[in-house]
Amino acid sequence: MRSHPHRARYLALGTTALLAAALIAGCSSGGGSKPSSSGPIIIGTSLSLTGDFSTDGIAFEKGYELWVHDINAHGGIMGRKVQLDILNDNSSQTQVVTNYTDLINVKHVDLTFGPFSSLLTAPAAEVAHRYNFAFIEGAGGSPLVFGEKLPDVFDVALPVANELDPFVNWIKSLPASQRPTTAAYPMANDPFATPQVQLAQSELQPLGIKTLYSKIFPEEEPDYLPNADIVAGKKPQAVILGSVDVPTVAAFMKGFEEQHYNPKVFVAAAGPDQGSAFESAVGGPGNANGMMVPDAWYPGYPSATSQAMVNEYVAKYGGTASGVNADVAEAYSVGEVTAQAVEATHSLSGPKLIAYLHSGVTLTSVEGPVSFNSIGENVKAIAFIFQWQNGKFVQVLPTTATGSVPILYPKTNWSS
Amino acid sequence: MGTEIAHAIADGILGGGVYALMAAGLTLVFGVLDIINVAQGILVVLGAYLSYVLSVHLHIDLLVGLLITVPAMFVIGVVIYWLFIRTLRGAERTSMTLLACFAVALIIEGVLYREFGSNYVSLNAWYVNQSVHILGFYLADIYLIGFGLAVAAVVVLYLILYRTTFGRAVRATMQNQTAARLIGIDVNRVAALTFGIGVAVTAIGGMVYGSITSFTPNSGYDLISRLLAIVILAGMGSIGGALAAAVFMTTIEALVDIWQPDWSIVVFYLAMVIVLTFRPQGLFGRHAVRAQ
């Protein structure tokens, strides 16, 4: 068989040129820069539908879908219907990168929505940045994400480092005789949990509240009994738990109950905000009573759009209003902010959306006002502390905020 | 500090019982069938969900419910073996059984997600959050129950393996399948029953696991690596060894939790590596087990 060296060389050159052209085309796609058409606007997102974050991931999916339903019922964005393209990242930091690369580079989605958790948002935001997409997200509020200082990141939720501010301020406001005198700070090794608890500790210690325990435990711990027993053995009056999910806080509560130890005040970074999922996991409303959690939203949030969303959620997915997960509102807010930005700029272009969102404009969402600083933090987000009281999840702090009810302090004893 | 250490040791011993319950089936199945059942984690979760259904929907006490879940899981185990594993033979059998077990895990996880969703649930009974005061500190009832069940399960499995005709057939199969066939043992039947027993024991582990922590269909993944570490340390195939290894590892972990909890998982696996460096066959090696 005769060889064709010239043909092979031309073939190689041609292939290289084609690859280079494809690469350039891919890299310069410029974030949703496809020419507008009458077809639907495709929004791509990666969610943790399985894996460690699946409870939150599925709640996010419902929030996104609810928003899509609503926006389409009102004519869509710029007259175009909206369609979601959701990929499952299995709670994996590696898979989330693959998914957003796939969504942007292969599926050529028009816009992207963020995933769940700071752990996944940080690597995903870098992918979006590479392709000049505006990366609007609702669950990446930790310093891990903002520390990247990416111009394309916009977190509609509350920055997590400040989430416990209302709690700390409330402790400061108490007469010295009523303040807890000792505290414990067990923290999961997670960018969401540790910053806020460490910040709270640094502010409570100068008040004379003695730290009896402050340690970081692995996030993947399958059995928290030894940790809970150690904390219970020290009998702190306040427990500020850096939890990331329901099992962590439920395990500590269970451990405390078994040790016949009940803190005067118990606030957890996450878990009690998971509505009915939390209540059922901890054995009912009696045990949940008095448990506190920081957040920017709760199902009773006094806003007409929030109430409409909650009612619609209950009608669509069942359950009760108090069982609606805060993740739903965070996801819904991502959609609202995106729609307002697209309508204002009349564009799906990433650079235009990024410039608009950095302009200092204040947008609205079911979680309240949204305005971004240079690193994408929502500077208008207001921190609240919520508490379970007699089977209801209510806002208690700041005490002066509209909608706050008197805080249950000291916390009632375990029910069983 | 002395009380903390004593409490940590007690927690470690009792926690080891829970892990032994979850790992006993894994080591039994490996010992007899040379199958690394990577579906063990999700089978534990399945056992927990069966207890959940009986408890929440039929109001059957968790311990009483074991009279239903253990036989149910036995049947599930036999069916899994018959459908997915029995036909796998030849040089690729080990890798194929790994894939088959992984497929089983995915199927079960999918079914559980469909039936129960992704919300965390937990098992409740009057004794789940109770504790007894012993030697100056409280010990959780459910852990004491779990440890008792673990010891009972090990004793029952020992009696089955070493005091029954079926047990002799099992051990003959463990030693040499071809020779077992030649002396008239129905190896397929023995294998199916053994797989069923291994899964049945997991029902008990699932009930205790679901009582000490909340869980979702995804929770099995957090378990499987620990269970494998325990049975490797024990010497794969050793049921009593699984209890000893689980107690050893969870006790070390609980002690590390006192000073440096973020190192506890590292130490858990480091302990396994150190032991295997000096005793590669594990604490109770498989050859020793099979020779008994």
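Predicted model: local features only at pLDDT ≥ 70, side-chain atom pairs only at ≥ 80, totals over all residues.
## Two domains in chain A

Let's start with the layout. Chain A splits into domain 1 (41–159 + 325–357) and domain 2 (164–268 + 274–296 + 384–397).

Where they touch, domain 1 of chain A puts in eleven residues and domain 2 of chain A puts in eight residues. On the domain 1 side, helices α4 (118–130) and α5 (143–146) of chain A each bring at least two residues to the contact. Sort that side by class and you get six nonpolar, five polar and no charged residues.

## The largest nonpolar core

Now for the inside. The largest nonpolar core has 227 residues, and the members touching the most others are Ala23(B), Ala24(B), Ile230(B) and Ala242(B). Domain 1 and domain 2 of chain A both give residues to this core, so it lies between them. As a rule, nonpolar side chains in soluble globular proteins tend to be buried together.

What is Ile230(B) in contact with, leaving aside its neighbours within four places in sequence? The answer is Tyr19(B), Ala23(B), Ala242(B), Ala245(B), Ala246(B) and Met249(B).

Helix α9 of chain A covers residues 246–258. Its 13 residues, at 1.5 Å a residue, should span 18 Å, and the end C-alpha atoms are 18 Å apart, so the two values agree.

Is α9(A) mostly covered or mostly exposed? Mostly covered: 13 of its 13 residues are buried. Just after α9(A) comes His260(A), with a positive phi of about 55°.

Terms used:
Residues numbered from 1 in each chain as written. Chains lettered and ligands numbered in written order. Core = buried A, V, L, I, M, F, W, Y, C linked by C-beta atoms within 7 Å. Buried ≥ 20, exposed ≤ 12 C-beta atoms within 10 Å, placed from the backbone. Domains from an automatic or database assignment. Contact = placed C-beta atoms within 7 Å. Helix = DSSP H or I, 4+ residues; strand = E, 2+ residues; numbered from the N terminus. Expected span 1.5 Å × (residues − 1). Nonpolar A, V, L, I, M, F, W, Y, C, P; charged D, E, K, R; others polar.
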